[in-house]
Amino acid sequence: MKKFFSVAALLMVTVLTLVGCGGTADNGGNNKVLKVGSTIDFAPFEFQDETNKEYQGFDMDLIRAVAKEMGMTAEVQNIGFDGLIPALQAKNIDIVISGMTITDERKENVLFSEPYYDSGLTIVVRDGEESIKTFNDLAGRKVAVQIGTTSGDEVHKIAGVEVKEFNTVADCFMELKAMGVDAVVNDRPVNDYYISKSGATGVKELSERLTSESYGMAMTKSNTELQTKVNDALQKLKDNGEYQKIYEKWFGGVEK
């Protein structure tokens with residue numbers, strides 16, 4: 001997920017800070033409350049469930065676990081994606097977790113944790129399909145993608161592919177099961193989440209990724225102490241199995 005912040009967003013966050021919403025971003029993890037910024041519109045990583053007053057998703061469970069490991073409580077603020085990095089720089093929040101891709105451009109403005117999720121485009125095929133193992137094998141095949149996603153752009157680059165676009169990922173999977181296409185290509189978390197939550201059977205996801213991007217938690221450039229504590233907490237969660245439990249809750253199976 002690649003989104004960018006603007007000067008206008010920075011000015012907006014600065015105004016909010018001046019009127020009393022300020023935080024202590026450079027607390028090095030010393031405060032009991034970890035002020036978290038996230039954009040709550042990216043299921044299954046962060047979203048609002050009408051049946052639950054707390055924000056839900058993989059990121060939300062993970063940051064709460066990280067904060068707990070650090071002896072803190074995560075307090076999540078819903079901030080527009082353009083305003084997340086400016087909010088850090090204005091010291092309105094301590095950390096960002098929001099499906100944010102680690103890029104060289106963003107590294108010029110923030111520190112990132114170690115990657116906590118590796119994304120990218122993946123292929124889903126029917127269980128019995130053995131002739132499709134890589135993206136190169138899609139040449140001459142019919143492939144379903146969701147309208148308006150990068151999946152279609154990337155698959156169109158493969159010579160000889162007939163791309164069929166659908167409104168939803170569910171429609172893509174229905175077409176695959178109906179033998180109307182040979183494969184579905186979509187973002188890995190979208191494929192993982194749909195297969196896990198829908199209980200989809202008769203399909204399998206291939207391990208190869210056409211693109212690769214890693215998500216990280218962002219902190220201010222000067223907050224190396226918090227960065228260290230977050231990385232230590234994340235590693236402990238992986239070592240003690242808690243990260244895997246969170247992963248299985250949202251995506252099913254073993255982390256890939």
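This is a predicted model: local features need pLDDT of at least 70, side-chain atom pairs count only at pLDDT 80 or more; totals for chains, interfaces and linings use all residues.

Reader: Is M179 buried or exposed?

Author: M179 is exposed, with a relative accessible area of 58%.

Reader: And what about K91, where is that?

Author: K91 is in the loop between α3 (81–89) and β3 (95–96). K91 isn't a glycine either, yet has a positive phi of about 60°. Its relative accessibility is 41%, so K91 counts as partly exposed.

Reader: Which residues does the cis peptide bond join?

Author: A43 and P44, with omega at about 5°. P44 belongs to the loop between β1 and α2.

Reader: OK, new topic. How many residues are in the largest nonpolar core?

Author: It has 35 residues, and those with the most contacts inside it include F58, L62 and Y116. α2 (58–69) and β1 (33–38) are among the elements that each supply at least two residues. With seven residues, α2 gives the most to this core.

Reader: What does Y116 touch, beyond its close sequence neighbours?

Author: Its contacts include F58, D59, L62, M217 and Y243. Another core, of 15 residues, lies apart from the largest one, with L121 and V145 among its members.

Reader: Zooming out, how many helices and strands does the chain have?

Author: Nine helices and 12 strands. Buried residues make up 48% of the 256 in the chain.

Definitions and conventions. Residues are numbered from 1 along each chain as its sequence is written. Side-chain values use heavy atoms; hydrogens and water are left out. A nonpolar core is a set of buried Ala, Val, Leu, Ile, Met, Phe, Trp, Tyr and Cys residues joined through side-chain atoms within 4.5 Å. Buried means under 20% relative accessible area, exposed over 50%, partly exposed in between (1.4 Å probe, protein chains only). Helices (H or I, at least four residues) and strands (E, at least two) are DSSP runs, numbered from the N terminus. Contact means heavy atoms within 4.5 Å. Lists of a residue's contacts leave out its neighbours within four places in sequence.
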